[in-house]
Amino acid sequence: KKNKQVGFNGSLTANYQQGIYWKSNNSLNLNYRTGKVNVFANFNMNKGNGFQQLDILRRFKDPATKNITAIFEQETNMRNRDLFSTSKTGADYFLNKNTTIGIVATGFTKPAKFSSQSTSFLKNNQSVIDSIVTAQSNINGNWKNGGINFNFRHQFDSTGKEISADVDYLSYRSNDQQNFTDTTYNPDWTLRHQDLLRSKLPSTINIYSAKVDYVQTLGKDVKMETGLKVSHVQTNNEANYFNVFTTGDEVDYSKTNNFYYKEDVNAAYVNLNKQYKKIGVQLGLRYEYTSYSGNQLGNAVRKDSSFTKAYGSLFPTLFVSYQANKDNQFAVSYGRRIDRPDYQDLNPFLFFLDQYTYQAGNPYLQPQFTNNFEITHTYKGFLTTSFNYSHTLNYMNETFEQAKELNGDKSYATVVRKGNIGEKNTEGISISAQVLVAKWWTAILYSNYNFSKFSGRLNGNGELINVDAANLLFNVNNQFRFSKGWTAELSGFYRTKGVEGQIIIQPMGMASVGISKQILKDKGTLKLNVRDLFYTNFPVGDINFENTMAHFENKRDSRVANFSFTYRFGKPIKGAQQKRKVGSAQDEQNRVQVGN
């Protein structure tokens, strides 16, 4: 008999975007099925091209009198350009109707260039200029990634009993090089002195991961899911800094270092799901055991240092739903989760914007643990109201500190790094509705009110933080469907003033509009949309920490017109298809900051 599960299909998308600078995002997706073999390939190419303008006004206080002692007024213009090319190819082999094995290979390259120019006016407490500092930074880098996944799936019978497994290996490589020039002038712009710094910052991340999942129905109506997962991560980060002189380069031992990090996570879970008349219950429990270690090797003048830690944690989940009648449904849920730091956030090395502003990693950054509670009511399937409460311990967020001089005194430099802020408590209510305004017009409305409180000492022994604030968010999405394949969309959001740890963000929002048309007998789609139509989606706020009061405005290339064409070719493949699942290393992949 002729095998009906044979066919070839795919799609091609070409995209052009125009803001201040042009951008592009293009993709090709292919799938071919013949008999027992299914082959697929995806290719994407994304041209990034943008800018960032960061204006900061800093006022420094005397710690005893609280009087203003100095004022910094800074403007920084940054440019970023990259070419992000990704690929995914794989094949599934159907041993029989119940058993499938597969292989997937992935990879990307991301060569990137980043440049920044900063001018700072340093003033006394009477706003009289003492000196002017300009900083210029140029970074060339290239991220590369390769990965392979082996997967297996076997269905025992038609009751849903099955076992699946994944094994993954992923490798990331980068090699950033930075040239940094810092020049100080007198108030009349006569040269005072100049510092030149050069760096090489190679980095590698290797991820090994495997998992197995098993699903079975117990009795008549209890579904059980259980599984195991193991992962091992190794990172190696080098920081090679050189002071540049006319006589040659000299190693800067105050900044040069080498940081190794290893992490193992072993996990097991079980979920039970049962529907009893109008009541549905899902109960789960996951156990994770984590061990990790870090080692800074130091250099000729800096001592090495190391740390190790291991801990085990339980993560229970509970979800109960109740169908009161055809119009009203209720649900109650509880869950505990863990969020681990990104690998680069653990890297202690410095990244310079200028001599008064730089980023640093935090090798002692702890994961955060969150308990979530939620009660939800759905009316007639269109109106949903939710009440929620969450408590987070070791809350992770971007933090700000004053750098220290060699003698231990606070300097005028600001250090930005991820840190832990004691705890965060949030309680709120959200309301969402999908309203059919007319046959051709659907409005999706969402609003959220929450009250957040942050308390505790920064990183356990730093500045005491005790702040709270309420925040209100409105979001609307209007979808219009016209005749002859025309559709349109009008959306936007507005968020009131809010607080996030040490950062106070002023109100912000944006509006976007788009239109699309089906062409070529519905095989093609043309789309045109403009994001951030009125150029309002940029943060303005204040950061008050230690003896520093800072006000900032951060603009990006957020207003962008986007035109795209998608063409779908081939025919759908008949018959049941293999469900494409993510591999075993998704959590670890999400902790890699590619080119940020």
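Is Tyr 261 buried or exposed?

Modeller: Tyr 261 counts as buried, because its relative accessibility is 5%. Buried here means under 20% relative accessible area, while exposed means over 50% and partly exposed is in between (1.4 Å probe, protein chains only). Before we go on, please keep in mind that this is a predicted model, in which local features need pLDDT of at least 70 and side-chain atom pairs count only at pLDDT 80 or more, while totals for chains, interfaces and linings use all residues. Residues are numbered from 1 along each chain as its sequence is written, and side-chain values use heavy atoms, with hydrogens and water left out.

Let's start with the surroundings of this tyrosine. Tyr 261 sits in strand β11, which covers residues 257-276. Strands (E, at least two residues) and helices (H or I, at least four) are DSSP runs, numbered from the N terminus. The side chain of Tyr 261 reaches the side chain of Glu 263 in a polar contact of 2.8 Å. A polar contact is a pair of N or O atoms within 3.5 Å; within protein, one must be able to donate a hydrogen and the other to accept it, and residues adjacent in sequence count only if both atoms are side-chain atoms.

If we leave aside neighbours within four places in sequence, the residues it is in contact with include Val 233, Tyr 292, Tyr 343 and Leu 346. Contact means heavy atoms within 4.5 Å. Pro 363 shows how the fold brings sequence positions together: Tyr 261 and Pro 363 are 102 residues apart in sequence, yet their C-alpha atoms are 8.9 Å apart in space.

Two of those contacts lead us to another residue. Val 233 and Tyr 343 are among the residues that Glu 588 touches, and so are Ile 207, Ser 209, Lys 229 and Ser 231, not counting residues up to four places away in sequence. Glu 588 lies in helix α2, residues 586-589. Its relative accessible area is 6%, so Glu 588 is buried. The side chain of Glu 588 makes a polar contact of 3.2 Å with the side chain of Lys 229.

Now look at Lys 229 itself. Its side chain meets that of Asp 587 in a salt bridge, 3.9 Å from N to O. This pair links distant parts of the chain, with Lys 229 in strand β9 (residues 222-245) and Asp 587 in helix α2, 358 residues apart. A salt bridge is a side-chain nitrogen of Lys or Arg within 4 Å of a carboxyl oxygen of Asp or Glu. Side chains of opposite charge can pair when their charged atoms come close. Lys 229 counts as buried because its relative accessibility is 12%, whereas Asp 587, at 48%, counts as partly exposed. Together, Lys 229, Asp 587 and Glu 588 are linked in a network of salt bridges.

Finally, let's return to salt bridges. A search of the whole structure finds 18 of them. In one, Asp 249 pairs with Arg 198, and the closest N and O atoms are 2.5 Å apart. Asp 249 is in strand β10 (residues 248-251) and Arg 198 in strand β8 (residues 191-218), so this pair ties together parts that are 51 residues apart in sequence. Asp 249 is partly exposed, with a relative accessible area of 40%, and Arg 198 counts as partly exposed at 24%. In another salt bridge, the side chains of Arg 337 and Asp 339 meet at 3.0 Å, N to O. Arg 337 counts as partly exposed at 40% relative accessibility, and Asp 339 does so at 25%.
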